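The sequence and the structure come before the discussion.

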Amino acid sequence: MSINALGSNSFLQDVYSSPLTKRAEKEKTPAGKDVKGALETNNISAKNEENLSTKAQELLARLREKYGDYDFFVGNTKEEHEKLSGSGSKEFSVCITAAELEKMAADEEYAAKKEKEIEDSVAMCKRISEKYGYVQAGEEDENTVGVINKISVSVGDDGKISIFAELEKLSEAQRERIEKAREEKADDKKLPYNKETPNSVKRVTIEADSEEDFIAKLQAINWKNVGESYSGDKFDFSV
């Protein structure tokens, strides 16, 4: 696994469903070109869900209700997981294979174990990212390196969990807004964050299968070698 610089030809995007359409039209960025593709991507999960057993469908419904700030998708191949991982409208997304959902639905103890692992993976990703200067949008300060756009967790047939973190470097224009907000005595805990639209930004996605792997790849990011893309562009793990 490796760190992947994300350019304008990539597939992950932080837009989804009707909010996607409204956001793309409002911002008038290249995202507007990808509305149809995003909706088609999310249809992958809907089609896979149709083939789940009743118990697995009920489990999926409970997970979505319990974790209201997570998007849950069903993907059965690596390609589907990659496409679905960043297609949600929420900050966190989880993609699980149908086989793994069926296994969880048949064993409550196993399901509880996997839920805990998913929670721990998301918490770890946030904790380590913040330690190295990456925070959630609206929480930036003078020490911020960049913003955590999205955290995704992928669960395969074997129960193995992979973690994806989409990070965006804080631009000079964004730093100027933060400084201006401070001068105007803005709330330090909720500073204004706006993606550079239609200006270009720098983003990377880290893929890891352990905390040690995640830390190593986070430390290895060299923003000077990361190409620029537009806010709303899709993301590519193949780079």
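What follows treats a strand, a helix and then several salt bridges.

The model is predicted, so local features need pLDDT of at least 70 and side-chain atom pairs count only at pLDDT 80 or more, while totals for chains, interfaces and linings use all residues. Residues are numbered from 1 along each chain as its sequence is written, and side-chain values use heavy atoms, with hydrogens and water left out.

Helices (H or I, at least four residues) and strands (E, at least two) are DSSP runs, numbered from the N terminus. Buried means under 20% relative accessible area, exposed over 50% and partly exposed in between, with a 1.4 Å probe and protein chains only.

Strand β2 (residues 70–74) is largely enclosed by the rest of the structure, because five of its five residues are buried. Tyr70, Phe72 and Val74 point one way from β2, and Asp71 and Phe73 the other way. β2 pairs with strand β3 (residues 92–96) in the parallel sense over five bridges, where pairing requires that DSSP finds at least two bridges between two strands.

In helix α4 (residues 78–85) the buried residues are Glu80, His81, Leu84 and Ser85.

A salt bridge is a side-chain nitrogen of Lys or Arg within 4 Å of a carboxyl oxygen of Asp or Glu, and by this rule the count comes to nine. Three of them, including the link of Arg127 with Glu211, are tabulated below.

| Salt bridge | N to O distance |
|---|---|
| Glu117 and Lys114 | 2.6 Å |
| Arg127 and Glu211 | 3.4 Å |
| Lys160 and Asp209 | 3.8 Å |

Glu117 and Lys114 both lie in helix α6 (residues 108–131), three residues apart; Lys114 is buried at 6% relative accessible area, whereas Glu117 is partly exposed at 27%.
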